[in-house]
Amino acid sequence: MERKRLKKITRSLALTLLFSLFLGTSYSQSDKQIQKAVKVFLNKDYDDGIDLLVKYIYKAVNSEDGSSYEAYEMWVEMEYMRYARYNDMEIEITSSDGSEVDSSFYNIFEELKNAYKESFLNVCRKSTLESSSMTGEIYLRNYLVDYNPDTAVSEKAKSYFKEGEEFFEKEDFELAELNYRKALNEDSTYYEAMLYLGDTFWAREDYDSAIVYFTMAKEMHPDLLEPRNHIVDALMKKGLYYRAKKECLEAFTVYPGVDVKMRLYNILEVENKKLNEHRFIRFFYPNNMKDDEQKELSGFFATYREAKEEISKYCSEDGIIEPNGITDDKYLEVYSYRKMFEEHESELPEILNFGFKAMEDGYLDCYVFISLFHVDIYPQFKDFMSHEENRTRSMEYIEKYLIEGV
């Protein structure tokens, strides 16, 4: 995987990605359906283009071939652009003479922007359940998980950082380095300056130095995934696959998204091995204590959904279970799968047999938080991984159960 410097995701970037997919040179029949939806989206109407794509996705879902990864990726980008179009708009709530006017229209407009943002994030959530959308995963992490660690940085340090960015864009990496260092001299806790200082060495193929600064950024904020991904990429560039694998496994305990999994796939290829995460496609959201209107499920998954109600009085909004007389499980998602597995042991489909074995071996929590990870259970995941023994067990689980020979 060739690492690219992460930038703030913008509407123009999303548009570029759409055009790059739209202008592909070879199309299967299903690709042509996606192409048609993109053409409508770009040339006529955002809403109609999205509606056309969604109809194709769910028609394909019910067919033998199933819907494509590309279709979900496209859906995520379309939804982002629709949200960004409204989010970028500003309206005036003063009259021409400067006096205030009725702000009700402004309030309605803000509600509309929020509705499009919610729709966009919900599509990202769907895309990481019904498919394996890397784009959806990254958006979710950016919007719902990651935080800005540099809110208290001084204006002078920010000014140096901005100059560094300008030089980096011009590919003058020496002057970019100089300005990032000036920013760090002003504020030694400036995380982004440290991270991008490492980028100046990456750009000059000095991977040893890049690793030094990426590692310092990681140590500043170990809950952020980006420097960990950068370290893995730099180690792979140097051919240090054993160290890259170790770093990658640790990254799983921070956020086991598609991008981390793809890095491990690439590392394992060198060992003639592969990652089998034993994940399965789901068309329902995980149990959520904050949502009182989750749809009912059928078959053995009805038991999964019912578990939420059974444990609710002992459960926080985040799905953390307090001590009780029903279960020793601490997390709603783990309890829900345990309840389902135990009640339907003799009738589980093949896709769930692995999860049942993981439960028997004492790794049900690792199965839930690694193999079946979804952003909706992130608060439970974060609490679970806050304990060193759980991080160790999770890495053991990956090596023992998910890594296979080719």
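## A buried glutamate

Glutamate 79 is buried, with a relative accessible area of 3%. Buried means under 20% relative accessible area, exposed means over 50%, and partly exposed lies in between (1.4 Å probe, protein chains only). Glutamate 79 sits in helix 4. Helices (H or I, at least four residues) and strands (E, at least two) are DSSP runs, numbered from the N terminus.

Which residues does glutamate 79 touch, not counting those up to four places away in sequence? They are Ile50, Ser119, Phe120 and Val123. Contact means heavy atoms within 4.5 Å.

## The model and the whole chain

This is a predicted model, in which local features need pLDDT of at least 70 and side-chain atom pairs count only at pLDDT 80 or more, while totals for chains, interfaces and linings use all residues. Residues are numbered from 1 along each chain as its sequence is written, and side-chain values use heavy atoms, with hydrogens and water left out.

The protein chain holds 19 helices and two strands. Of its 406 residues, 48% are buried. Take the contacts in the protein chain with a separation of 6 or more: residues 24 or more positions apart account for 63% of them. The chain exposes about 20,700 Å², and carbon and sulfur atoms supply 48% of that area. Accessible areas come from the Shrake-Rupley method with a 1.4 Å probe; for residues, only the protein chains shown count as cover.

## Nonpolar cores

A nonpolar core is a set of buried Ala, Val, Leu, Ile, Met, Phe, Trp, Tyr and Cys residues joined through side-chain atoms within 4.5 Å. The largest one has 111 residues. Which members touch the most others? They are Leu53, Phe301, Tyr337, Phe341, Tyr367, Tyr397 and Ile398. Helix 4 (residues 69–87) gives the most to this core, with 11 residues. A second, separate core has seven residues, including Ala307, Cys315, Leu332 and Tyr335.

Now look at isoleucine 398. Leaving aside neighbours within four places in sequence, isoleucine 398 is in contact with Leu249, Phe252, Leu264, Leu275, Ile370 and Ile403.

## Aromatic pairs

A pair of aromatic rings is described by the distance of the centres and the angle of the planes. Rings of Phe, Tyr and Trp (its six-membered ring) pair if their centres lie within 6.5 Å; planes under 30 degrees apart count as stacked, over 60 as edge-to-face and the rest as tilted. The count by this rule is 42 aromatic pairs. One of them joins tyrosine 80 and phenylalanine 120, edge-to-face, at 5.3 Å centre to centre and 65 degrees between the planes. Tyrosine 80 is in helix 4 and phenylalanine 120 in helix 5 (residues 104–130), so this pair links parts of the chain 40 residues apart. Both tyrosine 80 and phenylalanine 120 are buried.

The ring centres of tyrosine 255 and phenylalanine 373 are 4.9 Å apart, with planes at 80 degrees, so this pair is edge-to-face. Tyrosine 255 lies in the loop between helix 12 (241–252) and helix 13 (258–270), and phenylalanine 373 in the loop between helix 17 (364–371) and helix 18 (378–385), so the pair ties together parts 118 residues apart in sequence.

Why does the span of helix 6 agree with expectation? At 1.5 Å a residue, the 12 residues of helix 6 (residues 134–145) should span 16 Å, and the end C-alpha atoms are 15 Å apart. The expected span is 1.5 Å times one less than the number of residues. At the start of helix 6, a side-chain oxygen of serine 133 comes within 2.8 Å of the backbone nitrogen of glycine 136. Buried residues in helix 6 include Thr135, Tyr139 and Val145.

Helix 13 has 13 residues and reaches 19 Å from its first C-alpha to its last, close to the 18 Å expected. Among its buried residues are Val258, Leu264 and Ile267. Just after helix 13, asparagine 272 takes a positive phi of about 60 degrees.

## Two exposed glutamates

Glutamate 171 has a phi near 65 degrees, a positive value in a residue other than glycine. Its place is the loop between helix 7 (155–169) and helix 8 (173–186). Glutamate 171 is exposed, at 59% relative accessible area. Glutamate 205 has a positive phi of about 60 degrees, and lies in the loop between helix 9 (191–203) and helix 10 (207–220). Glutamate 205 counts as exposed, at 59% relative accessibility.

Methods
Polar contact = N/O pair within 3.5 Å; in protein donor to acceptor, adjacent residues only side chain to side chain.
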